[in-house]
Amino acid sequence: MLGASRRSLSAAARSRVAAGVASAVTADASVPARPISVSNGARGVPQQQNRLLSVLVAPKIAGMSNVVALKLMDGALIGRRYESSAAAVDSTDQLAEKHEYQAEVNRLMDLIVHSLYSNKEVFLRELVSNASDALDKLRYLSVTDPELLKDGPQLDIRIQSDKDNGVITITDSGIGMTKQELIDSLGTIASSGTAKFLKALKESQEAGMDNNLIGQFGVGFYSTFLVSEKVVVSTKSPKSDKQYVWEGQADSGSYTIREEKDPEKLIPRGTRLTLYLKHDDKGFAHPERIQKLLKNYSQFVSFPIYTWQEKGFTKEVEVDEDPAEAKKGDDDIKTEPKKKTKTVVEKYWDWELSNETQPIWLRNPKEVSTEEYNEFYKKTFNEYLNPLASSHFTTEGEVEFRSILYVPATRKDDITDNRKTKNIRLYVKRVFISDDFDGELFPRYLSFVKGVVDSNDLPLNVSREILQESRIVRIMRKRLVRKAFDMVLGISCSENRDVCFHISLWGLRKVLGELWKNFKAGCHGRQRKSQENCSFVALLLFSKQR
Ligand SMILES: Nc1ncnc2c1ncn2[C@@H]1O[C@H](COP(=O)(O)OP(=O)(O)OP(=O)(O)O)[C@@H](O)[C@H]1O
């Protein structure tokens with residue numbers, strides 16, 4: 001999952017890189033593109049040569065005369081002149097631009113398509129997570145720019161499937177993507193999860209695929225190719241008045257992008273993914289299977305997820321009378337014949353809400369099971385192992401907020417390299433704001449603690465500056481730190497207790513050993529409040545004793 005600000009920053013950075021590449025190909029994105037090869041990497045024929053080659057080898061467009069086809073190709077060469085005639089043509093294939101994947105994506109696709117990974121179902125988790133991120137981003141941006149919602153206030157995810165043909169569509173009404181964002185996002189790798197996956201793969205030093213890694217890290221959007229032979233992404237950003245279609249095939253080093261021209265396929269805003277499943281994976285298109293997977297993987301998504309389900313109701317219908325019976329009846333005394341009826345089930349299809357949208361931190365802690373806390377942690381922070389401890393609490397009075405904090409079982413990031421850890425996800429009135437404010441909400445030396453914080457007192461347009469100066473944040477930070485210390489001390493006390501955050505002494509020693517650097521860094525850290533210092537020193541002493 002990505003935070004809004006993180007994503008916008010990385011998207012901007014990626015746009016700059018990709019803009020350079022794309023500008024070598026089409027100076028004006030609105031020019032209707034013909035089968036032009038657009039290289040995303042170093043490979044490929046020079047652009048001008050590519051265009052000419054494409055024109056020479058362009059096949060005849062189905063249902064079009066050569067004259068019209070030529071006109072279109074002409075249009076590609078001389079600019080906008082034939083834009084309207086291109087729009088009038090009911091064939092889109094010929095208008096598609098061909099792009100090559102970045103080398104890393106090619107490698108990843110190759111691994112995914114040829115992997116023997118048995119837990120292929122994670123594809124749905126990854127796609128729903130992307131849809132939820134896109135909705136989070138829209139909701140966040142719409143706080144300052146309500147116009148973004150003008151094409152529909154509904155924020156939801158809808159999944160429809162055709163089990164006979166093995167097709168699944170996943171539609172979200174989120175932020176969508178512009179053409180450039182499509183190229184930047186679905187042709188290159190800049191995403192956290194996928195990049196982590198590749199790093200881990202490299203570190204595992206295995207020539208082949210370590211199947212477990214897919215499950216541990218997720219491979220984001222590309223996991224669609226675990227089950228699909230073709231994927232179509234149709235997307236409309238509120239920043240653009242055009243809808244674009246990305247199309248990729250398993251086992252292909254390139255993808256295409258074209259403008260959506262079919263009025264029936266236009267969406268007001270957001271993204272629709274259509275997965276054409278591989279023959280052996282068509283079972284994933286069964287509506288009941290989809291619902292089961294959502295229960296398993298996506299129960300913490302805070303937007304409604306609707307699935308298209310077959311339903312039924314019973315009704316009484318009249319049945320035709322048996323002619324022999326009717327004849328017999330005629331011979332008897334004339335009485336009004338009694339109409340016979342039978343009960344039938346009337347089938348119909350409708351959307352069904354398939355998830356619980358109340359965030360886990362708003363629930364009563366007594367009603368949340370350890371498994372639910374652990375699942376929420378793993379899904380939210382992309383973790384593989386259960387946490388060592390968790391703490392769910394509500395603070396009321398002077399400042400009101402709810403939070404769940406976790407101590408992970410392993411520490412992956414090294415705080416000495418001064419990277420942001422994105423360990424705290426900040427929500428304001430349930431709206432996800434950012435995971436970039438970790439330093440402001442939490443001291444750096446506690447960066448191993450992960451969690452969510454939801455405040456009702458902060459403004460929705462909260463910025464780093466507001467956080468730094470806010471008295472509310474100072475109080476929140478103090479309480480969060482105290483809770484984090486309580487939690488770590490709780491782990492330490494567990495040596496002499498039967499039940500203490502369901503962890504073992506072995507786990508404690510392990511975590512303190514690994515967190516040693518964090519504690520040390522805390523010692524040398526900037527000025528801290530005395531109470532914080534006291535607890536910190538106590539922890540430090542404790543950890544040294546062990
Ligand atoms: N439904 C969507 N709506 C809008 N943008 C999307 C959607 N799906 C994917 N994207 C864009 O594609 C990018 C790449 O997606 P991918 O799933 O590969 O990685 P990620 O979501 O960024 O990272 P991670 O897998 O770690 O959460 C996303 O960052 C986002 O910008």
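**Close-up 1. Salt bridge between E181 and K239.** The side chains of E181 and K239 meet in a salt bridge, with an N to O distance of 2.6 Å. The model is a predicted one. E181 sits in helix α7, residues 179-185, while K239 belongs to the loop between β5 (228-236) and β6 (243-249), so the pair links parts that lie 58 residues apart in sequence. E181 is buried, at 15% relative accessible area. K239 is exposed, at 59%. Elsewhere, salt bridges with shared partners connect K230, E247, R258 and E260 into one network. In total, the structure holds 22 salt bridges.

**Close-up 2. Salt bridge between R139 and D136 in helix α6.** R139 and D136 pair through their side chains, with N to O at 3.8 Å. Both residues lie in helix α6, residues 122-144. They are three residues apart, which means that about one helical turn separates them. Is this pair buried or exposed? Both R139 and D136 are buried.

**Close-up 3. Salt bridge between R158 and D156.** The closest N and O atoms of R158 and D156 are 3.1 Å apart, and the two residues form a salt bridge. R158 has a relative accessible area of 21% and is partly exposed. The cut-off for buried is under 20%, so R158 at 21% does not count as buried. D156, at 7% relative accessibility, is buried.

**Close-up 4. Crossing of helices α6 and α10.** Two packed helices are described by the angle between their axes and the distance between the axes. Here the axes of α6 and helix α10, residues 287-297, come within 10 Å. They cross at roughly 70°. The two helices are therefore roughly perpendicular to each other. The crossing is right-handed. Which residues meet across it? From α6 come V122, L124, R125 and V128. From α10 come I290, L293, L294 and Y297. By class, the residues of this contact are seven nonpolar, no polar and one charged. R125 is the charged one, because Arg counts as charged.

Close-up 5. T274 is found in strand β8, which covers residues 270-277. The residue is buried, with 12% relative accessible area. What does T274 touch, leaving aside its neighbours within four places in sequence? The contacts include V167, I168 and T169. K230, V231 and V232 are also among the contacts of T274.

**Close-up 6. Positive phi at D251.** D251 is not a glycine, yet has a positive phi of about 65°. Where does D251 lie? The residue is found in the loop between β6 and β7 (254-259). D251 is exposed, with a relative accessible area of 60%.

**Close-up 7. Positive phi at K429.** K429 is not a glycine either, and has a positive phi of about 50°. Its place is in the loop between β13 (424-428) and β14 (431-434). How accessible K429 is can be given as a relative value of 43%. K429 thus counts as partly exposed.

Definitions and conventions:
Residues are numbered from 1 along each chain as its sequence is written. This is a predicted model: local features need pLDDT of at least 70, side-chain atom pairs count only at pLDDT 80 or more; totals for chains, interfaces and linings use all residues. Side-chain values use heavy atoms; hydrogens and water are left out. A salt bridge is a side-chain nitrogen of Lys or Arg within 4 Å of a carboxyl oxygen of Asp or Glu. Helices (H or I, at least four residues) and strands (E, at least two) are DSSP runs, numbered from the N terminus. Buried means under 20% relative accessible area, exposed over 50%, partly exposed in between (1.4 Å probe, protein chains only). Axes are lines fitted to C-alpha atoms, for helices over the stretch in contact, and angles run from 0 to 180 degrees between N-to-C directions. Angles under 35 degrees count as roughly parallel, over 145 as roughly antiparallel, 65 to 115 as roughly perpendicular and the rest as oblique. A crossing is left-handed if the near helix is turned anticlockwise from the far one by less than a right angle, and right-handed if clockwise. Contact means heavy atoms within 4.5 Å.
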